[in-house]
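Visitor: Hi! Could you walk me through this one?

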Amino acid sequence: MRVLHVSYSWLPAPPGGTEIYVDRLMRDLDGLGVESVVAAPAATGGGDTIDGRRVYRFQASGEDSTIESLYGGDAAAAAKFAAVLDEVAPDVLHQHAFSPACSSALIQMARARGIATVFTYHTPTASCVRGTLMQWGTRQCDGLMEPKACTKCVLQRHGVPKTLARLAGVVPAVIAAGAARRGLSGGVWTSLRMRRLVESYQRDVRRLLMNADRIVVLTDWVGELLRRNGVSSDRLVACAHGVPAAPPLPPRTSGGRTRLVHLGRLDPVKGTALLLMAMRNAPDAAVDLDVFGVVQDAAATGEFNRLAQLAAGDARIRLLPAIPHADVEATLARYDAVVVPSQWMETGPLVVLEAFAAGVPVIGSNLGGIADKVLHGHNGLLVSPWDAEQAWSDVLRHAGDRRVLLRQFARGVATPRSSAAVAADMAGLYRTLRAHGAEATAPAAESIR
């Protein structure tokens with residue numbers, strides 16, 4: 001059986017959590033009689049072999065200089081992907097990404113060819129036009145895709161004052177349509193058109209949810225969100241993250257200062273800047289913090305420069321290169337706690353499970369998948385997501401003063417689920433879908449709300 005996995009990007013680009021998940025899944029599937037091939041959008045098309053695995057790159061249009069380009073699918077990328085799909089001829093298409101280049105068109109093309117389809121909801125961008133599922137950027141959203149409310153929220157994210165954003169959310173359709181026909185964009189015209197752009201984005205989300213034979217949810221809150229938007233429970237497959245079995249790890253030393261570690265891609269939603277601001281607000285906290293950052297693109301380079309300014313002059317903070325995948329658990333095992341101050345709704349995140357695999361407690365934001373996995377006061381601490389001045393500064397002081405408490409939390413850490421178990425579940429799903437063919441059971445697009 002052959003499965004074509006679609007990811008946001010692929011090596012040699014620095015990987016994020018989705019790419020790490022897909023790589024591990026494919027490696028574990030190798031031992032279960034499932035041949036895995038990967039495809040990802042790129043600036044140029046073509047194919048190569050990396051670590052013995054065939055990788056296809058389908059060319060995205062690259063037209064990402066305007067706000068309008070963020071909404072709706074990239075038809076040029078879809079056309080390039082069609083050639084990949086025909087060459088690979090998979091039994092199953094497993095789409096792990098949703099973006100202009102990785103739109104609903106990919107799954108639609110697969111279904112038209114009689115190929116079974118699976119979509120995994122990895123990040124909030126799979127349904128949230130703002131990309132974070134944080135309403136106004138300050139509180140957890142219920143996730144209901146409703147154009148009027150979502151338009152206001154996304155405009156505020158793009159710098160439109162909240163009062164004006166509320167007005168733009170109710171712009172009559174005739175005015176928005178007139179701006180679109182005239183090709184008007186930028187500034188006030190983009191604001192007037194935003195509701196139509198949001199509707200376009202949400203139509204593409206609904207097409208994807210309609211056409212995927214099965215949708216994999218990694219944590220409970222994602223299943224609740226999708227049902228809230230009209231996806232039937234019988235098309236959802238709950239399959240939590242897993243991590244490879246960790247080798248025996250050396251015991252941590254008991255002396256010295258509290259050692260904290262934070263790792264992941266450098267993006268504002270990961271909360272790294274908030275963590276560094278909390279360190280600045282707690283100059284008396286007896287902790288040392290190492291930040292291992294993944295720089296994926298130019299935006300991440302800019303974020304690194306901002307973080308370097310925040311860390312300047314604080315000898316307790318070190319900004320370090322990303323940890324190689326094979327060394328993550330062994331590296332984390334040297335610390336007293338892993339800090340995960342995310343500012344969006346995580347579906348995992350994998351770093352929490354990697355911390356637990358290393359026997360290390362987690363100090364994380366009380367949001368999404370972090371809150372699903374961290375039991376406050378048992379295997380870690382949950383903190384208000386946004387309060388750098390008080391909540392996060394206080395928890396840093398607490399970690400420095402009560403290192404013995406972190407040791408106690410470490411004893412509450414349970415061995416997480418294995419990535420091999422995830423692969424076994426996915427292999428079973430693929431075989432079931434292949435046995436029945438690409439199912440024509442999805443409802444019409446209009447019925448998904």
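Guide: Happy to. By class, seven nonpolar, five polar and three charged residues make up the lining of the second largest pocket. Here Ala, Val, Leu, Ile, Met, Phe, Trp, Tyr, Cys and Pro count as nonpolar, Asp, Glu, Lys and Arg as charged, and the others, Gly among them, as polar. A pocket is an open set of points on a 1 Å grid over the protein atoms alone, where a 1.4 Å probe fits, with protein on both sides within 12 Å along at least five of seven lines; lining residues have an atom within 4 Å of a point.

Visitor: Where does the model come from?
Guide: This is a predicted model: local features need pLDDT of at least 70, side-chain atom pairs count only at pLDDT 80 or more, and totals for chains, interfaces and linings use all residues. Residues are numbered from 1 along each chain as its sequence is written, and side-chain values use heavy atoms, leaving out hydrogens and water.

Visitor: Which residues lie nearest the centre of the second largest pocket?
Guide: Those are Thr132, Gly137, Pro268, Val269 and Gln343, out of 15 lining residues.

Visitor: And which helix gives the most to its lining?
Guide: Helix H9, residues 272-281, gives four residues to the lining of the second largest pocket. Helices (H or I, at least four residues) and strands (E, at least two) are DSSP runs, numbered from the N terminus.

Visitor: How many residues of H9 are buried?
Guide: Seven of the 10 residues of H9 are buried (under 20% relative accessible area, with exposed over 50% and partly exposed in between, using a 1.4 Å probe and protein chains only). Among them are Thr272, Leu274 and Met279.

Visitor: What covers the buried residues of H9?
Guide: Their cover includes strand E11 (258-265), helix H10 (298-311) and helix H14 (388-401).

Visitor: New topic: how many aromatic pairs are there?
Guide: Three aromatic pairs. Rings of Phe, Tyr and Trp (its six-membered ring) pair if their centres lie within 6.5 Å; planes under 30 degrees apart count as stacked, over 60 as edge-to-face and the rest as tilted. Phe98 and Tyr201 are an edge-to-face pair, 5.7 Å centre to centre with 85° between the planes.

Visitor: Why does that pair tie together parts that are 103 residues apart?
Guide: Phe98 lies in the loop between strand E5 (92-95) and helix H3 (104-112), while Tyr201 lies in helix H7 (residues 187-211), so the pair joins parts 103 residues apart in sequence. Both Phe98 and Tyr201 are buried.

Visitor: Last one: is Arg407 buried or partly exposed?
Guide: Arg407 counts as partly exposed because its relative accessibility is 22%. You will find Arg407 in helix H15 (residues 403-411).

Notes. Contact = heavy atoms within 4.5 Å.
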